[in-house]
Amino acid sequence: MRVTTQALRDSIQHALDNREEALQYAMQFARDLDSSLANKFVGMYVNERTLNYGEDGREAIRKLLDMGYERGIIPVKAEVSFVG
């Protein structure tokens, strides 16, 4: 898990460090989305919080999974652990 986590982190960091090239690559999957709107969309979902969503982000994940369990959407209460 640590190797995979580090590879994902490195990939995201590379995209952040090379935003124009990353956006150019992503545009082939954009389904007629113009580049300005695609840039805005990417900025909402790929940013520094993608690399480190912090303790509040971890708490949000726990809460989401707990709510899913409480509402019967998730059949087993999730035991969450995060890879550092």
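Which residues form a nonpolar patch on the surface? They are Phe41, Met44 and Tyr45, with about 360 Å² of accessible area together. Patch residues have over 30% relative accessible area and no salt bridge, and nonpolar side chains (Val, Leu, Ile, Met, Phe, Trp, Tyr) are joined within 5 Å, like charges within 9 Å. A salt bridge is a side-chain nitrogen of Lys or Arg within 4 Å of a carboxyl oxygen of Asp or Glu, and accessible areas come from the Shrake-Rupley method with a 1.4 Å probe, with only the protein chains shown as cover for residues.

Keep in mind that this is a predicted model, in which local features need pLDDT of at least 70 and side-chain atom pairs count only at pLDDT 80 or more, while totals for chains, interfaces and linings use all residues. Residues are numbered from 1 along each chain as its sequence is written, and side-chain values use heavy atoms, leaving out hydrogens and water.

Let's stay with phenylalanine 41 for a moment. This residue lies in helix α3, residues 35-45; helices (H or I, at least four residues) and strands (E, at least two) are DSSP runs numbered from the N terminus. Phenylalanine 41 counts as partly exposed because its relative accessibility is 48%, and the label covers values between buried (under 20%) and exposed (over 50%).

The largest pocket holds about 350 Å³ of space. Thirteen residues line this pocket, and Thr5, Arg9, Leu51, Tyr53 and Val83 are the closest to its centre. A pocket is an open set of points on a 1 Å grid over the protein atoms alone, where a 1.4 Å probe fits, with protein on both sides within 12 Å along at least five of seven lines; lining residues have an atom within 4 Å of a point. Helix α1 gives the most to the lining of the largest pocket, with four residues. That lining divides into six nonpolar, five polar and two charged residues.

The second largest pocket has a volume of about 300 Å³. Its lining has 16 residues, with Ala22, Leu23, Ala26, Val42 and Val46 the closest to the centre. Here α2 gives the most, with five residues. By type, the lining of the second largest pocket has 15 nonpolar residues, no polar ones and one charged.

Finally, look for isoleucine 73 in the segment after α5 (54-70). Isoleucine 73 is exposed because its relative accessible area is 65%. From leucine 33, isoleucine 73 is 40 residues away in sequence and 33 Å away in space, C-alpha to C-alpha.

Key:
Buried < 20%, exposed > 50% of the residue type's maximum accessible area, 1.4 Å probe, protein only. Points joined across faces, edges and corners; volume = space filled by probe spheres on them. Nonpolar A, V, L, I, M, F, W, Y, C, P; charged D, E, K, R; others polar.
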